[in-house]
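This report describes selected features of one structure, which is shown below.

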Amino acid sequence: MSTLPPSSVTAPPANGLTPPLPKSLPQSLTDRLARLKSYFGHQPAAWIVAFLGTLLGAATEPAIPALLQPLLDNGFTQGTMPLWWVPVGILGVFTVRGIAQFSSQYALTRIANDGMLRLRRDLFAHLLRADLSVFRQQSASALSNTVVFEVQNGCSQLVSAAVGLSRDGFTLVALLGYLFYINWQLTLIVGVVVPGVTTVMRKLSKRLYAITKASQKATDELAYVVEENALAHRMVRLHAAQAHQQTRFAKLSETLRRLALKSTIASSAMTPLTQLLSAAALSVVICVALWQSRDPGHAGVTVGGFAAFLSAMMMLVAPMRRLADLANPVTRGLAALERGLNLIDHVPAESSGAYQGAPGHEKTPPPSPHPPSPSEVAGTSGTTQGLVLDHVSVRYKDDEPPALNNVSLQIPTGQVVALVGPSGSGKTTLANLLPRFVPLSGGSIRLNGVNLQDWSLEALREQFAMVSQDVVMLNDSLAHNVAMGHQLGASLDEARVLACLEAANLSDFLSKQPEGIHAQVGHNAQQLSGGQRQRLAIARALYKNAPYLILDEATSALDNESERLVQDALERVMKGRTTLVIAHRLSTIEHADRVVVMAEGKIVEQGSHAELLAEGGLYARLHAQGMGS
Ligand SMILES: Nc1ncnc2c1ncn2[C@@H]1O[C@H](COP(=O)(O)OP(=O)(O)OP(=O)(O)O)[C@@H](O)[C@H]1O
Ligand SMILES: [Mg+2]
């Protein structure tokens with residue numbers, strides 16, 4: 001089998017939709033197949049059945065021409081063969097062949113599907129703990145393509161290849177053995193064909209691999225357009241952008257069509273080329289056989305013997321052609337599976353420290369939605385408690401100014417710190433640093449005296465409840481959205497869910513739901529209003545009952561009534577917790593212990609509401625403009 005080309009055929013895409021290509025891949029085909037062993041090598045019994053089944057199936061193949069020889073020589077020429085011998089012989093051969101083929105095919109499919117299950121489970125598990133950068137580099141549709149479609153595609157291609165390889169490979173060996181047995185001189189001629197076929201295969205499979213990679217990328221982009229249009233369906237209609245989207249889709253579909261045609265050209269060229277080689281060999285064989293039969297030195301060549309030889313040789317063509325085509329599914333299948341394997345091998349898991357938090361701090365929050373006292377949640381009081389940001393910088397892209405530039409800030413336990421500033425000044429970025437959703441480019445952050453990098457990620461994230469600017473809900477019930485992450489293991493605490501929903505001012509909404517807390521919220525809770533979604537997010541934060549609270553308010557869309565409801569709920573959730581609130585509302589800021597004003601990634605002012613107003617700086621200006629809300 002040929003060596004396939006390295007994967008560096010397509011350049012890394014600029015749009016970041018497709019997976020980054022790995023720097024190095026094992027070069028040889030056997031290396032690449034060996035990589036799959038951990039997924040597909042777990043079923044020795046199935047492998048043995050598959051092996052024996054194909055071996056047996058292949059062994060029956062020369063039995064058909066072998067039957068032909070006595071049939072012709074004894075049956076016709078000498079007339080000595082009993083007639084019942086014919087159906088028994090033929091049916092017998094086909095029964096054995098059928099059983100052998102069935103069991104080997106079943107065993108291989110079993111191996112493939114079990115392996116696929118394992119690979120998919122691993123892929124998804126890896127995705128759940130992968131470094132967050134993977135979600136910036138790859139679109140959701142590219143990831144789901146990898147996990148759902150490519151794995152399936154790769155497995156079925158490889159199974160068909162494995163079935164073909166074993167069946168046709170053994171058949172070829174069996175037929176060649178038989179041919180050699182009846183006439184070795186003629187068989188040598190057949191031997192010339194094989195290297196020819198291999199060369200053709202090697203050339204074409206190289207090209208096929210490149211095309212497969214390009215098709216994967218094009219499929220991702222096509223899926224991405226559909227994903228995006230499903231997401232933005234309202235805006236697309238409102239702005240009459242259908243025509244543009246249609247063109248965008250059509251262009252990408254056209255690319256895919258062209259690639260499919262190219263791939264077909266490469267793969268279908270193999271069949272006629274190999275057939276041509278076989279035909280050449282066939283004509284030579286017939287000539288030599290005729291010459292042999294006329295030569296008195298080769299008296300052994302009988303009509304039956306030659307007919308058997310010819311039919312065995314003709315039977316050789318089909319498996320040989322299929323073997324030549326095998327490069328096609330092997331190449332495509334490997335390319336598809338390697339996309340999954342690369343996700344596992346080349347996307348690192350999130351780095352995590354070992355620090356588990358102060359001893360005595362409960363892992364699961366106490367079953368009360370009511371705010372705990374500061375000392376209760378923080379464990380102890382003391383100078384090292386709280387959050388300390390030390391000369392922190394964040395840069396998303398090298399060619400852009402930093403989103404956070406040398407920011408130092410202290411948030412002692414129990415305090416409410418309000419973060420205000422113009423849009424794009426880095427407030428959300430700062431909030432996202434705390435649960436390590438965004439990597440630091442410089443400086444350090446300590447929580448309770450311990451560097452964030454040294455915290456175990458699980459323990460660190462247990463410290464924070466977050467209501468983010470863009471609320472994200474799962475397509476599940478209200479209860480499961482509120483108790484997110486707690487529904488497994490410990491059974492769902494319905495009373496607590498109810499109390500949290502009530503504290504988040506959602507009782508009215510709840511009373512209108514016939515199914516109560518088990519009402520489904522739909523995709524990203526789009527069956528709820530903006531204010532309801534926000535209050536649901538607050539209920540979720542309340543349920544988590546974490547010592548630190550991060551609130552990224554986005555309330556400009558709310559009317560006075562829902563704003564009051566949200567504000568009420570927020571005040572309840574903030575009580576007794578260390579809170580970082582990105583504030584737009586005056587009421588929040590007035591209650592804050594300290595207001596931090598940001599501009600262009602820097603802290604420009606700090607102090608109480610009154611102090612900052614008196615200072616007459618940016619804060620006073622923002623305040624005069626109504627805080628931009
Ligand atoms: N994922 C990202 N990739 C690249 N740049 C980003 C990313 N997220 C934010 N930025 C950039 O970082 C800067 C700060 O963004 P950030 O979201 O922190 O602002 P903000 O203060 O929260 O603004 P707003 O009040 O509008 O929510 C902006 O210039 C933004 O363009
Ligand atoms: Mg923001």
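## Crossing of two helices

The crossing of α7 and α12 is left-handed, meaning that the near helix is turned anticlockwise from the far one by less than a right angle. The axes of α7 (residues 140-182) and α12 (residues 327-346) come within 8 Å and cross at roughly 145°; axes are lines fitted to C-alpha atoms over the stretch in contact, with angles running from 0 to 180 degrees between N-to-C directions. Helices (H or I, at least four residues) and strands (E, at least two) are DSSP runs numbered from the N terminus.

Residues of α7 including T146, E150 and V151 meet residues of α12, among them P329, V330 and R332. By class, this contact of α7 with α12 has 8 nonpolar, 7 polar and 3 charged residues. Ala, Val, Leu, Ile, Met, Phe, Trp, Tyr, Cys and Pro count as nonpolar, Asp, Glu, Lys and Arg as charged, and the others, Gly among them, as polar.

## Basis of the model

The model is predicted: local features need pLDDT of at least 70 and side-chain atom pairs pLDDT 80 or more, whereas totals for chains, interfaces and linings use all residues. Residues are numbered from 1 along each chain as its sequence is written, while chains are lettered from A and ligands numbered from 1 in the order in which they are written.

## Positive phi in two loops

R436, in the loop between α14 (427-433) and β4 (442-447), has a positive phi of about 60° although it is not a glycine. R436 counts as buried (20 or more other C-beta atoms within 10 Å of its own, C-beta atoms being placed from the backbone), because it has 20 C-beta neighbours inside 10 Å.

N545 lies in the loop between α19 (530-544) and β7 (548-552), and its phi is near 55°.

Note on methods: A residue is buried if 20 or more other C-beta atoms lie within 10 Å of its own, exposed if 12 or fewer, and partly exposed in between; C-beta atoms are placed from the backbone. Two residues are in contact if their C-beta atoms, placed from the backbone, lie within 7 Å.
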